[in-house]
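Let's take a walk through a protein model together. Keep the sequence and the 3D view side by side as you read.

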Amino acid sequence: MTGITGQDGAYLAQLLLHKGYRVIGAVRRASTLNLPRLAALDLVGQVELNTLDMQDFTSIVRLVEEIAPDEIYNLGGQSSVQASFKQPLYTGQTSGMGTMSLMEALRLIAPEVRVFEAASSEIFGLAGNGMVDETHDFHPRSPYGVAKLFSYWSVVNYREAHGLHVSNGIMFNHESPLRGMDFVTRKITATLAQIACGSQQMLMLGNLDNARDWGFAGDYVGAMWLMLQQPKADDYVIASGETHSVRDFVMLAAQAMGLDIEFVGEGVETRGLDRKTGRQIIGVSADFYRPSEPDPLIGNASKAHKKLNWQPKVNFEQLAAMMAESDLERARNGQVWY
């Protein structure tokens with residue numbers, strides 16, 4: 001599994017270990033390893049770690065030959081859309097070319113291995129309003145989306161041209177208490193928790209009216225595993241089927257922490273006020289707007305429901321409360337968490 005130190009990697013490792021798998025995680029070479037997500041789920045020591053550079057074809061070949069895996073879950077790469085505008089080349093190399101390198105390595109030495117590729121709803125981009133499924137046109141609106149589209153088509157090509165059992169999971173936004181601080185949902189819950197505990201004054205956000213199809217990462221990794229249990233590889237949209245705005249998430253997270261927020265103003269002039277004190281605790285800055293925004297997308301996961309028998313268990317309200325309560329506990333305990 002690449003990306004084992006991330007949110008999805010931790011939840012997927014937990015799932016696979018419960019199913020009796022031997023789990024080997026591929027990590028970038030570094031002087032120290034940060035494993036807070038694996039530690040949060042008590043998985044440190046239960047998974048094996050090997051160094052791997054997805055930009056180095058020979059190291060991919062070496063590791064595949066050494067481990068001889070039955071299944072590969074490719075969750076690695078630069079995963080922040082916002083960061084991709086600042087690091088487009090690195091994003092393309094890790095989230096795009098890395099996948100093709102993996103496909104080519106498997107074609108040459110292990111074509112029988114089953115592979116899950118973490119694609120993204122960002123490949124749709126300008127899709128218009130309404131629900132999108134696996135047949136919808138693609139029009140990515142960020143370097144991350146472009147890299148993920150390259151990756152998506154690499155998987156399709158190697159499946160059709162060489163018969164590999166490789167599947168794309170077109171993953172819509174999925175969050176959890178293990179989400180990184182460079183994602184807006186986690187930024188919201190972590191900062192509001194600090195405000196609720198009196199150690200921070202203001203939460204600054206971008207466009208509050210941006211809407212996303214948000215689900216729980218712990219549910220979505222189950223779909224990843226189900227894809228590799230099918231007799232034939234295929235591509236699947238994994239989504240909740242409904243959208244909510246950043247403003248909606250803020251309101252629910254604040255409510256779970258006992259904060260009562262009232263929004264006044266519009267656009268970058270919007271302010272979020274604490275009803276109890278009248279103090280402004282939320283502001284909006286144009287610095288947090290993307291250079292180009294995708295359309296509000298709703299994922300149609302009916303194919304996954306039907307063929308994989310997959311259904312999410314945690315709804316949007318439960319997700320926001322789960323993340324808020326987790327960060328509030330961390331703030332009360334003085335914990336610094338990524």
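Is Trp 310 buried or exposed? Trp 310 is buried, with a relative accessible area of 4%; buried means under 20%, exposed over 50%, and partly exposed in between, using a 1.4 Å probe and protein chains only. Before going further, some ground rules: this is a predicted model, where local features need pLDDT of at least 70, side-chain atom pairs count only at pLDDT 80 or more, and totals for chains, interfaces and linings use all residues. Residues are numbered from 1 along each chain as its sequence is written, and side-chain values use heavy atoms, with hydrogens and water left out.

Now for the rings. Rings of Phe, Tyr and Trp (its six-membered ring) pair if their centres lie within 6.5 Å, with planes under 30 degrees apart called stacked, over 60 edge-to-face and the rest tilted. The count by this rule is 11 aromatic pairs. Take Phe 138 and Trp 153: their pair is edge-to-face, at 6.0 Å centre to centre and with 75° between the planes. Phe 138 lies in the loop between strand 5 (131-132) and helix 6 (143-162) and Trp 153 in helix 6, so the pair ties together parts that are 15 residues apart in sequence. Helices (H or I, at least four residues) and strands (E, at least two) are DSSP runs, numbered from the N terminus. Phe 138 is partly exposed at 22% relative accessible area, and Trp 153 is partly exposed at 46%.

Back to Trp 310, which has a ring partner too: Tyr 220 and Trp 310 form an edge-to-face pair, 5.5 Å centre to centre with 85° between the planes. This pair links distant parts of the chain, with Tyr 220 in helix 8 (residues 217-227) and Trp 310 in the loop between helix 10 (302-308) and helix 11 (316-332), 90 residues apart. Tyr 220 is buried, at 0% relative accessibility.

Rings can also gather in a group: ring pairs link Phe 124, Phe 138, Tyr 152, Trp 153 and Phe 172 into a cluster. And what lies over the face of Phe 183? That's Arg 179, at 3.6 Å from the ring centre. A charge sits over a ring if NZ of Lys or CZ of Arg is within 6 Å of the ring centre and within 35 degrees of the ring normal. Likewise, the charged end of Lys 303 sits over the ring of Tyr 236, 5.1 Å from its centre.

Arg 179 turns up again in two sets of contacts (heavy atoms within 4.5 Å). Thr 185, in helix 7 (residues 184-196), is buried at 0%. Setting aside residues up to four places away in sequence, Thr 185 touches Glu 175, Arg 179, Trp 214, Phe 249 and Met 323. His 174, in strand 7 (residues 174-175), is buried at 8%. Beyond neighbours within four places in sequence, the contacts of His 174 include Gln 7, Asp 8, Arg 179 and Tyr 220.

Finally, look at how helices meet. Two packed helices are described by the angle between their axes and the distance between the axes. The axes of helix 5 (residues 88-109) and helix 6 come within 8 Å and cross at roughly 10°. Axes here are lines fitted to C-alpha atoms, for helices over the stretch in contact, and angles run from 0 to 180 degrees between N-to-C directions.
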